[in-house]
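Here are my notebook entries from a first look around. Come along and keep the view open beside you.

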Amino acid sequence: MPNRSSDRPRVVLLVLMAAALTLLTAQFRDFLPVDDFQQGVRDVISPFRKVVDRATDPFQTVWNGIFNYEEVSDENERLQMEIARMRGEGLRDEADRELLERLLGEVDIDYLELQTVVARIVGVPGGNYNSHVVEIDKGTDDGLEEGAGVITKAGLVGYLDEVDRSTSLVRLATHPDFRVGVRLINSQDEGLARGNGSVGLLILDAGINVDAEVSIGEVVVTSGGRSIFPQDIPVGRVIDPDKEADYARSIEIDLSASLENLSFLNVILESRENQSK
Amino acid sequence: MNTSLRVLTVLIAGAILQSSIFTEMRINGMGVELLLLISILSGYHGGPIRGAYVSFWTGLVNDCVVASPLGIHALIYPVIAVAVSNLEERFISEKQIVRAFGIALAVATGVLLTAAVGHIFGEKTFNTNSLPETAIIAGVMTTCFSKPISRIVNWTVSSGMPKEVRAQYAGSSR
């Protein structure tokens, strides 16, 4: 019979925990083989995963029909309302767009001309912890690099957090660890905005003076510079300028891109060096 | 097929299933923790030492699949497996419903512990307001798949064990 003394499992457990902590330390110190190992495992299972996904697609459809019926129904209703709103307010939307374009034109913004790769969202990563992260169907084989900015025509979405051969993970702007340098169009004040885990919101709470003039509805764009994002990508509009702050302002920005209803994204291909040329 | 090869096969199959069908099967955004279930059952069927080894590798695979820092799940899963193994003797003669409750509890504990460790290491999305709800729903959903997975894990980790040991560890096969 194997040795079942009470000490041996404890020793094994301690050794394994030490090994896990060593791996964690290596990861946080950017020890490259650790990242490569993770990417390798994902690359190996990726083709099998696609086969299983296709094979179980009918089952997944049935599951979604049963357990997510309300969500599907709500989305259907939301889309119908959206169509109605777009039809009814087409003129106002056009006027808004013209106003935005005029505002962006004043600062010579041409973000729509950036060289990008169109990617489709394939889902969210496995497990129960990865909120504010989505997976796309493009990777290093398509020329994508870690840290590349991700946008839609409506504006800022996030950046590439992990890039495998054929898929990538996008960290959305609402992720609590997301940071982006931004500029207020009217005042030209610059600051650092962050995600806070709330849907559709960014918080601008660094770099803006307490007495700065910020108005509701003011357009916010990326500030560029040392940021991974090119400058002048639309971020959103101010919905709460926090004018009554005593010490530090916490300005709420409503993201212009609707991150909950994304299907396709544009990944910026141009590197920072190329943009500054 | 030797034990290592069986474990490797089960881990690869588990990783593929976790990242494909079990990613889509969600209720309110919460899903099955298949690899955590494999860890728990490896402790249950394989004993503390074999369970700890298998669950360590299961945790590493899960870290790769969900793109979390390598080692977070591998730090927690062996602890859960050893704890389950130590409690296994008390539950071996209990009714199926009690064992199912034990598995749900172990999964929920695993989810909470992983979130706590993730939070300590600065992974902010690991600790959310909905964490208790996530742990409960993940525990219940995962338990629903425990019976077929239990047979597979039993086949995987019990090979090579003497019969009397297998009878002691592998409760469901007795």
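In which hand, left or right, does α5(B) cross α6(B)? I looked this up first, keeping in mind that the model is predicted. The crossing of α5(B) past α6(B) is right-handed.

**Entry: the helix pair in chain B**

I found α5 at residues 96–120 and α6 at residues 131–144 of chain B. Their axes lie 8 Å apart and the packing angle is about 140 degrees. Angles over 145 degrees would count as roughly antiparallel, so α5(B) is oblique to α6(B).

Next I looked up who touches whom. From α5(B), the contact includes Ala100(B), Ile103(B), Val107(B) and Leu112(B). On the α6(B) side I noted Leu131(B), Ala138(B), Gly139(B) and Thr142(B), among others. Sorted by class, this contact has 11 nonpolar residues, four polar ones and no charged ones.

**Entry: the barrel in chain A**

Then I turned to chain A and traced a closed barrel of six strands in the order β6-β7-β8-β11-β10-β9, paired antiparallel. On average, neighbouring strands of this sheet are turned by 45 degrees against each other, direction ignored.

I followed some of the pairings one by one:

- β7 (residues 190–195) and β8 (residues 201–206) of chain A share four bridges, and Gly195(A) sits opposite Leu202(A) in β8(A).
- β6 (residues 179–184) and β9 (residues 219–222) of chain A are joined by three bridges, with Arg183(A) facing Val221(A) in β9(A).
- β9(A) also pairs with β10 (residues 234–240) of chain A over three bridges, where Val220(A) has Gly236(A) as its bridge partner.

Methods. Residues numbered from 1 in each chain as written. Chains lettered and ligands numbered in written order. Predicted model: local features only at pLDDT ≥ 70, side-chain atom pairs only at ≥ 80, totals over all residues. Heavy atoms only, no water. Pairing = 2+ DSSP bridges. Helix = DSSP H or I, 4+ residues; strand = E, 2+ residues; numbered from the N terminus. Axes fitted to C-alpha atoms, helices over the stretch in contact; angles between N-to-C directions. Parallel < 35°, antiparallel > 145°, perpendicular 65-115°, else oblique. Left-handed = near helix turned anticlockwise from the far one by under 90°. Contact = heavy atoms within 4.5 Å. Nonpolar A, V, L, I, M, F, W, Y, C, P; charged D, E, K, R; others polar.
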